[in-house]
Amino acid sequence: MGTIFVAYGGLPEERTAVLEFAAERAAASGDGLFVYHAREVADEPARDLEAEVRTTVDRVDPDIPLELDLNVETDDAEAADVSKQTRLTDAILESGREFEYVVMGEVEQGRIEELVLPSMTEAVLNTHRVPVLLVPV
């Protein structure tokens, strides 16, 4: 039994679709889930996110092994300079674990957004360390 890394973020309906997809895959394969969310200060409280994740996974299969990392930002000025992309790739690469694959949402962006906004998906794909399954959201 392995572990599937789930990059959990974005709008609630988008991240729920990604998590449901990952949970269905985990239930079929017997893998566990490691759900990671790079929270910002203005995001939902950790307690609410945890409840949302557990509710979604339990709806698919309550027996799926589940681990959460809600990555709460601190008031540390140095930590504030670390991008969400870096925190996400660090969570995958520096965990000391071998993940079966990463499941994350792929949001279609326009040309201008592609030039200005850094892509979480691109950051993970550039690691070349773990396969990535993209869920269109």
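Start at R97, which is partly exposed, with a relative accessible area of 30%. On this scale, buried means under 20% relative accessible area, exposed means over 50%, and partly exposed lies in between (1.4 Å probe, protein chains only). The model is predicted: local features need pLDDT of at least 70, side-chain atom pairs count only at pLDDT 80 or more, and totals for chains, interfaces and linings use all residues. Residues are numbered from 1 along each chain as its sequence is written, and side-chain values use heavy atoms, with hydrogens and water left out.

What does R97 pair with? R97 forms a salt bridge with E67, and the closest N and O atoms are 2.9 Å apart. This pair joins distant parts of the chain: R97 sits in the loop between α4 (84–93) and β4 (101–106), E67 in strand β3 (residues 66–69), 30 residues away. Here a salt bridge is a side-chain nitrogen of Lys or Arg within 4 Å of a carboxyl oxygen of Asp or Glu. Helices (H or I, at least four residues) and strands (E, at least two) are DSSP runs, numbered from the N terminus. E67 is also partly exposed, at 38% relative accessibility.

The whole structure holds four salt bridges. One of them joins E52 to R15, with the closest N and O atoms 2.6 Å apart. This pair, too, links distant parts of the chain: E52 belongs to helix α2 (residues 46–60) and R15 to helix α1 (residues 12–29), 37 residues apart. Are the two partners buried or exposed? R15 is buried, with a relative accessible area of 3%. E52 counts as partly exposed, at 22%.

Another salt bridge stays within one helix. E50 pairs with R54, the closest N and O atoms being 3.0 Å apart. The two are four residues apart in helix α2, so about one helical turn separates them. E50 is partly exposed at 32%, and R54 is partly exposed at 36%.

Step back to the whole chain. It has six helices and five strands, in the order β-α-β-α-β-α-α-β-α-α-β. Of its 137 residues, 34% count as buried. Among contacts (heavy atoms within 4.5 Å) with a separation of 6 or more, 77% are between residues 24 or more positions apart. The accessible surface is about 8000 Å², and 50% of it belongs to carbon and sulfur atoms. These areas come from the Shrake-Rupley method with a 1.4 Å probe; for residues, only the protein chains shown count as cover.

End at L11, in the loop between β1 (3–7) and α1. L11 is partly exposed, at 45% relative accessible area. The C-alpha atoms of L11 and V137 are 9.6 Å apart, although 126 residues separate them along the chain.
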